[in-house]
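Visitor: I'm new to this one. Could you walk me through how to read it?

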Amino acid sequence: MQMKKRYFIITIVNITIMTIVCNHFYERYNWFEVSSINDTRPIGQLKKIVVENNDKSVYNELRYAYLNELESNEILVYSFLMANKVHDRQAYFDIYSLLSSAEHRQEIRLDKEAKTLMIEYLKKGAALNHHQSKFDLGQLYMEGKYVPKDTVLGQKLINTSGY
């Protein structure tokens, strides 16, 4: 009987300690701060740094922060900023990727000029040796999609992409 009493008291003490610890962390958490589930800094803070400092590493952190966001196409604005200001090869690819994905999902319809611009950004990424840009551009040349079909150039780009 005394053993049961001892276990009961130990259990009550453990539950009490766990409740105190959980409440302490619950009260310290800022429930109104918008952040990403990818364990990055708050998105608002990242946007500000990208705009003010054109920081490539912060741009990449912002990209990861947007991975699981519902309105992830907002990253397109920051991709254009980084591509045009600092010639970031990942940003060039992101512009192509976001636009082509949106068109594929039939969220937008790109006209000829927009498609040409999208391909120009992909080419700039490939020229800066962005591996995914080279691979995707090579695939487009192989298929003749958005660009004139050129299997020799397409295969060369795919082979040098590293994939």
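Guide: Start with the labels: helices (H or I, at least four residues) and strands (E, at least two) are DSSP runs, numbered from the N terminus. You're looking at a predicted model, where local features need pLDDT of at least 70, side-chain atom pairs count only at pLDDT 80 or more, and totals for chains, interfaces and linings use all residues. Residues are numbered from 1 along each chain as its sequence is written, and side-chain values use heavy atoms, leaving out hydrogens and water.

Visitor: How many residues of H5 are buried?

Guide: Buried means under 20% relative accessible area, exposed over 50%, and partly exposed in between (1.4 Å probe, protein chains only). In H5, 12 of the 16 residues are buried, so this helix is largely enclosed by the rest of the structure. Among the buried ones are Tyr 92, Phe 93, Ile 95 and Leu 98.

Visitor: What covers the buried residues of H5?

Guide: The cover includes H3, H4 (75–86), H6 (112–127) and H7 (131–143). Contact means heavy atoms within 4.5 Å, and Tyr 59, Asn 60 and Arg 63 of H3 meet Gln 90, Ala 91 and Asp 94 of H5.
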